[in-house]
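This briefing goes through a metal site, some aromatic contacts and a sheet, topic by topic. Please keep the sequence and the structure in view while reading.

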Amino acid sequence: MTRFNIKKRDGLARTGTFQAGETMLNLPAAVDCETMFPDLDSRSGTNIPLCAPPALVQHYSLPDKGQPVTIHPHLDNRAQGSDCVMVAGWHTAFQNPRNYVDWLIALKEKTPVDTAWYAPASALPANVHILCYSGFDLFDFKAVDLKTAQGLFCTPEGDFTKEATKSGICTCPGCQENGLKLHNRLALLREIALVTRFIEDSRLRDLVESRCRLDAAQVAILRHLDTRYPFMEQHLPIARSGVMRANSGESLQRAEVRRFAERVTSRYIPPKTDVAVLLPCSAKKPYSLSQSHRKFQQAIAGRAHELIVTSPLGLVPRELECVYPAGHYDVPVTGYWDAEECAVIAGILVRYFRRHAYRRIIAHLEGGALKVARMAADQCGIPLEYSCLEHPTSNAALNALDSTLAGERRIKDDRLHGMVSYQFDVDLDTKGTTLRGHFPELFYSKNNVQVFSIDTGTGLLRPTFDGWNLLPRGYRVYIDDFIPEGDVLVPGVVKADPGIRDGDEVFVVGARAQATGRAALPSEEVLRSRRGVAVHVRKIKRL
Ligand SMILES: [Zn+2]
């Protein structure tokens with residue numbers, strides 16, 4: 001009997017506990033596979049090459065029962081929830097990053113999500129980060145023991161000759177007593193422990209972007225995965241509460257960054273005004289809390305819609321400045337934007353301005369952001385006005401911004417409307433809503449009843465029951481005829497609206513109860529899983 005309880009998810013990566021008979025493991029883990037799966041050596045059909053032609057794969061006779069369950073990109077799924085699945089020869093996939101990603105997605109899309117993934121003879125201190133990032137959880141010592149036999153000293157940064165054992169790079173018991181085998185195994189366990197920390201902190205992407213630099217195949221795998229946007233986006237949480245580090249070129253293609261731009265250019269509805277000011281970003285988030293943005297807002301005095309031009313997100317409307325990742329990203333600031341960055345971000349601005357026409361667009365920018373605004377304006381054939389060309393926070397620039405807006409009418413500040421359109425894809429009538437609280441901790445009420453609050457960690461709106469009544473559709477999770485006690489579990493869910501992502505605010509609807517809460521799984525996975533938490537419940541109302 002096996003059982004896999006997922007504790008924490010970060011994209012495809014997970015931590016959790018895996019039970020096989022008497023053995024209990026905290027995943028991700030590396031173990032002696034002889035102890036874990038004693039009869040694996042003698043089972044046939046468990047080692048089908050990944051690159052074998054589909055017709056040949058069908059001819060293998062596979063063991064019909066027992067753990068682990070062999071899965072292969074060219075075979076129909078044979079696994080059930082809580083199984084341990086094994087992809088034999090996964091180390092060979094590193095030789096062709098495009099195949100790695102094609103095979104991975106083919107396997108992930110057909111295999112139940114609540115399965116533990118075993119990659120035999122694959123894990124090294126230098127690649128286990130990307131194996132976990134790809135959704136593998138269980139490893140063995142075969143690959144590091146082979147390195148030992150070859151006289152190689154393994155580190156997360158790569159291999160060295162065994163003389164490195166005494167060089168002071170590592171001071172583990174293996175190195176102290178000159179045992180290369182022990183060092184290599186400990187180095188793998190240490191790296192798995194580190195990867196686990198990063199998953200638990202929702203920051204595995206940061207580690208992968210950093211680690212992969214020393215291996216071209218790993219960089220290629222990361223990039224190929226990013227090009228598979230619909231697949232990656234579905235597995236990524238809608239929000240995190242920590243910092244999103246956008247320190248590499250790959251950050252531009254990160255699915256969470258692209259999802260933000262997609263929603264700004266499709267769902268988001270700007271306020272009713274025909275004057276816009278393009279502003280630079282600030283290091284401090286949300287921008288409104290920075291010195292520079294206080295000055296900009298003073299000069300603008302509500303007479304224009306404020307749009308922040310920034311890398312890697314593209315365009316952040318003022319109302320969305322708290323929402324993940326707009327309120328959370330950190331980038332190295334040099335003032336210089338490279339050609340790819342300019343092209344991607346100009347593309348976002350073009351999509352936005354083709355959808356939303358303004359009578360006047362005033363660029364209060366400098367450097368890369370100014371260049372991008374000009375590129376976008378040229379592509380759309382719209383004229384830009386300039387209130388400065390450098391030093392946007394200087395008095396001269398701020399005065400110019402103020403006077404260029406002379407005679408323009410003050411627009412209604414409606415942060416709630418913009419946020420609802422972005423988060424729930426709804427054009428909410430906000431007439432009669434009132435606001436209290438101290439930015440960014442805001443509460444919205446209607447007829448003296450609270451309808452929404454802002455989660456200051458993620459920047460997302462949290463609707464109350466009355467708030468959900470204002471949102472006519474979407475983000476509903478339908479449950480069976482029962483009253484949830486605590487969280488809603490997967491087996492209790494009858495239906496979930498498509499498009500729900502891990503971390504989304506959802507409304508639980510049942511015959512006997514309603515609940516507000518936060519999705520723990522994307523809707524597609526709720527429907528494909530057999531167990532686990534579907535919704536972390538905040539409040540329950542009996543009907
Ligand atoms: Zn060592």
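Cys175 is buried, with a relative accessible area of 7%, where buried means under 20% relative accessible area, exposed over 50% and partly exposed in between, with a 1.4 Å probe and protein chains only. The model is predicted, so that local features need pLDDT of at least 70 and side-chain atom pairs count only at pLDDT 80 or more, while totals for chains, interfaces and linings use all residues. Residues are numbered from 1 along each chain as its sequence is written, and side-chain values use heavy atoms, with hydrogens and water left out.

**Zinc site**

- The zinc ion is coordinated by Cys170 (SG), Cys172 (SG), Cys175 (SG) and His183 (ND1), at 2.0 to 2.3 Å; donors are N, O and S atoms within 2.8 Å of the metal (3.2 Å for Na, K and Ca), and since water is not among the atoms, sites may look incomplete.
- The angles subtended by the four donor atoms run from 98 to 117°, which makes the arrangement tetrahedral, a term that for four donors requires all angles to lie between 85 and 135 degrees.
- Along the sequence, the donor residues follow the spacing C-x1-C-x2-C-x7-H.
- His183, like Cys175, counts as buried, at 2% relative accessibility.

**Aromatic contacts**

- The structure holds 15 aromatic pairs, counted when the ring centres of Phe, Tyr and Trp (its six-membered ring) lie within 6.5 Å, with planes under 30 degrees apart called stacked, over 60 edge-to-face and the rest tilted.
- One of them joins Phe37 and Tyr118 in a tilted pair, 5.6 Å centre to centre and with 35° between the planes.
- Phe37 lies in the loop between helix H1 (33-36) and helix H2 (54-57) and Tyr118 in strand S7 (residues 116-118), so the pair ties together parts that are 81 residues apart in sequence; helices (H or I, at least four residues) and strands (E, at least two) are DSSP runs, numbered from the N terminus.
- Both Phe37 and Tyr118 are buried.
- Trp90, Phe94, Tyr100, Trp117 and Phe136 form one aromatic cluster, and within this group Trp90 and Phe136 are both buried.

**Sheet**

- Three strands make an open sheet in the order S1-S2-S3, with antiparallel pairing, two strands being paired if DSSP finds at least two bridges between them.
- Strand S1 (2-10) and strand S3 (23-27) are the edge strands, each pairing on one side only.
- S1 and strand S2 (residues 13-20) pair in the antiparallel sense over eight bridges, and the bridge partner of Asn5 in S2 is Thr17.

Technical notes: Tetrahedral: all angles 85-135°; square planar, octahedral: opposite > 155°, others 65-115°.
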